[in-house]
Amino acid sequence: MLEFYLDTADVDAVTRFHNCLPVRGVTTNPSILAKAGLGINRILPELASILGGDSRFFVQVVSQTADGMVDEARKINALPYDLVVKVPATETGLAAIKQLKSENIQILATAIYSTHQGFLAALSGADYLAPYVNRIDAMGADGIKVVADLQLLINQYGLATKLLPASFKNSGQVVEVLKLGVAAITLPVDVAAQLLAHPAVQPAVDQFTVDWHYAFDNQLSFES
Ligand code: G3P
C-alpha cells in the first residue's frame with residue numbers, strides 16, 4: 001500500500017483530504033512551518049487530532065552540526081507521536097544519519113537532488129529518501145529519472161530504504177513517479193487538489209442528475 005502524505009502545515013487542507021483519502025500523515029520542513037508561523041508543538045497536536053494517533057509525522061532538524069542534528073533528532077524522536085526525523089542529505093547530515101540509525105531512530109534523508117546523493121543517504125541507513133522532483137526539473141535535469149534510478153539501485157542492492165518523493169508542481173509528475181512503484185509520496189495541497197479536479201467530471205455527473213430527474217422525478221435508484 002502506498003504511504004500517502006501531505007506536505008503542508010495547513011490544518012484545513014489536511015482535514016479536507018483526510019475526509020476522502022487515506023492520508024497516512026504529514027511531512028513538514030522548516031520553510032513550511034515558518035510560512036505558517038507554527039512550530040511543531042502547535043501543529044503536531046492539531047494534526048494528530050485530525051488524523052488519529054497512528055498517523056506518521058516528519059519533522060526536520062534545523063541544527064547545523066552533526067552532533068547538533070543527533071541531539072535535536074533524539075529530542076524530536078522523544079515526542080509522543082509516530083515521528084520520522086528529516087535530516088538533509090549533506091556530508092554533515094549523513095554523519096548524523098549514521099549515528100542516529102545506530103540508535104534506531106527513524107530517518108528521512110531530505111533535500112535530494114541527484115541519484116548518487118540519494119544512494120549515499122540510503123547506504124548511511126536512511127529509512128526514507130526524499131528526492132525533490134520539481135526542483136530537479138526546474139534546474140534543467142530530470143526529477144523522474146532520479147527517482148527511477150534510485151528505485152533501481154535500492155532494488156538492485158536489496159536496501160530497505162523507501163522512496164518518498166517530494167516537491168511536485170503538477171499531476172503529471174505525480175503519476176510518473178507512482179508508475180515507478182515508489183513506497184511513499186508527499187504532495188503539496190495544491191497538487192493534491194489537482195488530482196481531484198478534471199473539468200469534464202462535474203458536467204458528466206450533472207448530466208446524470210438531469211437525465212434521472214426527467215425520467216424518475218425525485219425517486220432514488222432503489223425506488224425506481
Ligand atoms: O520538504 C521538501 C519539499 O517540501 C520541497 O517542495 O515545493 O518547496 O519544492 P517544494
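Predicted model: local features only at pLDDT ≥ 70, side-chain atom pairs only at ≥ 80, totals over all residues.
**Helix packing and pockets**

Trainee: What makes A66 and the others in helix 4 meet helix 5?

Mentor: Contact means heavy atoms within 4.5 Å. On the helix 4 side you get A66, M69, V70, A73 and R74, facing T92, G93, A95, A96, Q99 and L100 of helix 5. By class that is 7 nonpolar, 3 polar and 1 charged residues, with Gly counted as polar.

Trainee: Which hand does the crossing of helix 1 and helix 10 have?

Mentor: Left-handed; the term applies if the near helix is turned anticlockwise from the far one by less than a right angle, and clockwise makes it right-handed. Helix 1 (residues 11-20) and helix 10 pack at about 35°, with axes 11 Å apart. A13, R16, F17 and C20 of helix 1 touch V189, A192, A193 and L196 of helix 10. That contact has 7 nonpolar, no polar and 1 charged residues.

Trainee: What makes D7 and N29 lining residues of the largest pocket?

Mentor: A lining residue has an atom within 4 Å of a pocket point, on a 1 Å grid; a pocket is an open set with protein on both sides within 12 Å along at least five of seven lines. The largest pocket has 19 lining residues, and D7, N29, I32, R135 and S167 lie nearest its centre. Helix 2 (30-36), strand 5 (107-112) and helix 7 (133-138) each give two or more residues to that lining. The volume is about 270 Å³, and the lining has 8 nonpolar, 7 polar and 4 charged residues.

Trainee: Which helix gives the most to the lining of the second largest pocket?

Mentor: Helix 2, with 4 residues; helix 10 (189-196) supplies at least two as well. The second largest pocket holds about 230 Å³, and its lining includes D7, S31, I32, K35 and V189. By class, that lining has 5 nonpolar, 2 polar and 4 charged residues.

Notes
Residues numbered from 1 in each chain as written. Heavy atoms only, no water. 1 Å grid on protein atoms, 1.4 Å probe; cavity = no way out; pocket = protein on both sides within 12 Å on 5 of 7 lines; lining within 4 Å. Points joined across faces, edges and corners; volume = space filled by probe spheres on them. Axes fitted to C-alpha atoms, helices over the stretch in contact; angles between N-to-C directions.
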